[in-house]
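Subject: Structure handover

Hello,

Here is the structure I promised you. Please open it beside this email and follow along.

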Amino acid sequence: MPCQAPQERVSNFNEVALGYTEEQAIIEAKRCLQCKKPKCRDGCPVEVLIPEFIQAVADGDMATAAKQLKLKNALPAVCGRVCPQESQCESKCIVGIKSEPVAIGRLERFVADWEMAKEEAEEAKVADLDTVDGDQESESSATASPKKQKVAIIGAGPAGLSCAADLARFGYDVTVFEALHVAGGVLMYGIPEFRLPKAIVEKEIDSLRKLGVNLQVNMVGGKTFTVEDLQQKGYEAVFIGTGAGLPNFMGIPGENLCGVFAANEFLTRTNLMKGYDFPNFLTPVISGRKVAVLGAGNVAMDAARTALRLGAEEVSIVYRRSEKEMPARAEEIEHAHEEGVQFKVLTNPVEIVGDEQGWVKGMNCLRYELGEPDESGRRRPVPVEGSEFFMEVDSVIVAIGQGPNPLVTQSTAGLALNRKGTIQADEEGRTSLPGVFAGGDIVTGAATVILAMGAGKKSARAIDQYLQSKQS
Amino acid sequence: MYPIVKKIIHSPAVKEFEVYAPMVAEKAKAGQFFILRVSEKAERIPLTIADYNREQGTITTIIQELGASSTLFGQMEEGDHILDFVGPLGVPSEIERYDHPVVLVGGGIGIAPIFPIARDLKEAGNEVISIIGARNKELLIWEEKMASVSDQLIVCTDDGSYGRQGFVTDALKDLYEERGQLSALWAIGPMPMMRAITNVTRPWELKTIVSMNPLMMDGTGMCGACRVQVGSETKFACVDGPEFDGHLVDFDLAIKRLSIYKDQEKRALAVLEHKGGHCGCQ
């Protein structure tokens, strides 16, 4: 797929991967063997009708392809971009045994973008004619058929949005309550613009509004309202999709010095608050000159690549295992390498050191070697004795994982939690409280966008069953 | 959108706003805060709840114009709409009945958020002594409101232009000498003032609660911008606080952390002033 050249893209926040042209998409789609029992679909957490939509692309019938996609996936433009396809749909593709698997993610992205462009063109036409107001249109379609019961969704991230989309399709009166000032969750605050343009997320969420989903922002679950409040207001089922947004810190001396940021803060300032466009947008963000990013997951790669784009001279990923054990997607690690991020592996800080003004001036680090595999199956990093050394940096971004946000769980009496504060729920998202469902990172701990969407989808089915049995 | 239903100008930089935000007003309690974003390109800024009216659905706050964002807010008028208004956030003040008098110390615009705490403590049956101070008479706010919820009110100004001359710490030392036994103290104001108060009360072993006002962004615990060193622990002021045991807070670090974006804040203010006071959102 065509990409922006590394030396060019490190100085802008534009999307790195440029997407297929229609010709390229049709050529790729024709590589699909149209298996009778498509394995690719088993690899997709939201069960996208993969051969069906790809056949439509091969036929050049993009409108049908888009319809097929949207039947199962509420956010195809997002998923086509950020899913780890290499470990999901594409990992099961038969063509992939002897050659490259069919580029399902890129085709999904192409179709979703094609549909958005078409809708935009049509809306522009409508605006020119000045006949139909967009809002009226969505309202009329929202009230076309009488609604079934009211369902509340807490959290407008991938889990909540996919749950909401399916429930709206089933005919329920769905309201999503979001704490931030925009919907999207990690898609808006976490994943950077250069991987997932915010305008695309916004359009994709707008299409949910057209499905009749009611979105309310600035509503903090556990503070502005509680689960009990929702039940009293007549919501007959509640889905909790509040995610794992609470950043972990190292617990080492110096972690509160000026210049030490959680990746969440750094990325939210840049993405959600558009700090890269300061002072046109008023939220400041600083990357520092010599930046250490602690951790090696996708969030760490995002933070490192963001720091480069904000003008840092030297950005290092600091990780206590080796590159082989890094949890980030291979493509993200490769992009980071291409852009000049340095990888300081088998290294970890034991202390962050500050100057008299309270600013970071460096880290005392230890070198590590790999020992026996631990319970996660990865070789355990063991510090090398006497290997302590000083690494000069003026900014440290901590990306060592996130925990579940406790605001909703703490304020919900009787909701059973796991030891780490995640919600106890079965495969379909049923919690210990009748009528209360949960899914995504708040149940599994920090995972992927598509797994959260899959969980939202399963819960939507379980909620439908629950509400139907309640009525009869 | 959240309309401004009332604006009172106390002095050129100190302004009081009453904002219609019924969901926030419904749940608001003393000691909590909210976050607002005045317009599309503005920052999210945290402000402490100074008062609330559940019947009318309004929240009252007092701001001092210091940087670009507070200046943008300060320029808004009655009838204007705030784009985003989120809350109530943070843990409410713990209100109980104490054996001995409780002391409320408010400095500058910190007087406003100390008011609902004083009111609740008074309603809980406490003897409430309030000490309020400001740099000068012009910057002093809410004297009457504080008097209405206090058994004793001591007013001071740094320059002696009103009330007794001197800092709130001087007034507190005199009070302690006079009254001796005190049960608890709340202090809200600029961080150096709260640090000074904790230094005064430490040898007395008087329970001293401060309301920290660090940099914040989301206010819901997801970013850690607001983290505060409390004893040996890292706490997030937005979800664990904003109130903490003042004797355990590392104020020196907290004050340094307030200056992280100092240069950018100056730049943003300069840009704002250059544009003649308009944010340029249009």
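**The sheet in chain B**

Five strands of chain B form an open sheet in the order 5-6-2-1-7, with antiparallel pairing. Two strands pair if DSSP finds at least two bridges between them. Its edge strands are strand 5 (51-53) and strand 7 (81-82) of chain B, and each of these pairs on one side only. Strand 5 of chain B joins strand 6 (residues 58-64) of chain B over three bridges, in the antiparallel sense. There, Asn53(B) stands opposite Thr58(B) of strand 6 of chain B.

**Before you read on**

This is a predicted model: local features need pLDDT of at least 70, side-chain atom pairs count only at pLDDT 80 or more, and totals for chains, interfaces and linings use all residues. Residues are numbered from 1 along each chain as its sequence is written, chains are lettered from A and ligands numbered from 1 in the order in which they are written, and side-chain values use heavy atoms, leaving out hydrogens and water. Helices (H or I, at least four residues) and strands (E, at least two) are DSSP runs, numbered from the N terminus.

**A strand pair in chain A**

Strand 1 (residues 150-154) of chain A and strand 2 (residues 173-177) of chain A pair in the parallel sense. Five bridges link them. Lys150(A) has Asp173(A) in strand 2 of chain A as its bridge partner. Strand 2 of chain A is mostly covered, with four of its five residues buried. Buried means under 20% relative accessible area, exposed over 50%, and partly exposed in between (1.4 Å probe, protein chains only).

**Helix pairs in chain A**

How do helix 4 (residues 50-58) of chain A and helix 5 (residues 62-72) of chain A cross? Their axes come within 7 Å, at roughly 170°. Axes are lines fitted to C-alpha atoms, for helices over the stretch in contact, and angles run from 0 to 180 degrees between N-to-C directions. Helix 4 of chain A and helix 5 of chain A are therefore roughly antiparallel. Angles under 35 degrees count as roughly parallel, over 145 as roughly antiparallel, 65 to 115 as roughly perpendicular and the rest as oblique.

The crossing of helix 4 of chain A and helix 5 of chain A is left-handed. That means the near helix is turned anticlockwise from the far one by less than a right angle; clockwise would be right-handed. On helix 4 of chain A, the contact (heavy atoms within 4.5 Å) is made by Glu52(A), Phe53(A), Ala56(A) and Val57(A). Helix 5 of chain A brings Met62(A), Thr64(A), Ala65(A), Gln68(A) and Leu69(A). By class, these residues divide into six nonpolar, two polar and one charged. Ala, Val, Leu, Ile, Met, Phe, Trp, Tyr, Cys and Pro count as nonpolar, Asp, Glu, Lys and Arg as charged, and the others, Gly among them, as polar.

Next, look at helix 14 (residues 263-270) of chain A and helix 15 (residues 298-309) of chain A. They pack at an angle of about 50°, with their axes 10 Å apart. That makes helix 14 of chain A oblique to helix 15 of chain A. Their crossing is left-handed. Residues in the contact include Phe266(A) and Leu267(A) of helix 14 of chain A, and Val299(A) and Asp302(A) of helix 15 of chain A. The contact has six nonpolar, two polar and one charged residue.

Helix 15 of chain A also meets helix 16 (residues 330-339) of chain A. Their axes come within 10 Å and cross at roughly 25°. That makes helix 15 of chain A roughly parallel to helix 16 of chain A. The crossing of these two helices is left-handed. Among the contact residues are Arg305(A) of helix 15 of chain A and Glu332(A) of helix 16 of chain A. This contact has four nonpolar, two polar and four charged residues.

**Backbone exceptions**

Most residues other than glycine have a negative phi, and most peptide bonds are trans. Gln34(A) is not a glycine, yet has a positive phi of about 55°. Trp142(B), also not a glycine, has a positive phi of about 55°. Is Trp142(B) buried or exposed? Trp142(B) is buried, with a relative accessible area of 8%. Gln34(A) is partly exposed, at 30%.

Two peptide bonds to look up are cis: Phe278(A) to Pro279(A), with omega near 0°, and Gly87(B) to Pro88(B), with omega near -10°. Pro88(B) is found in strand 8 (residues 84-89) of chain B.

Best wishes
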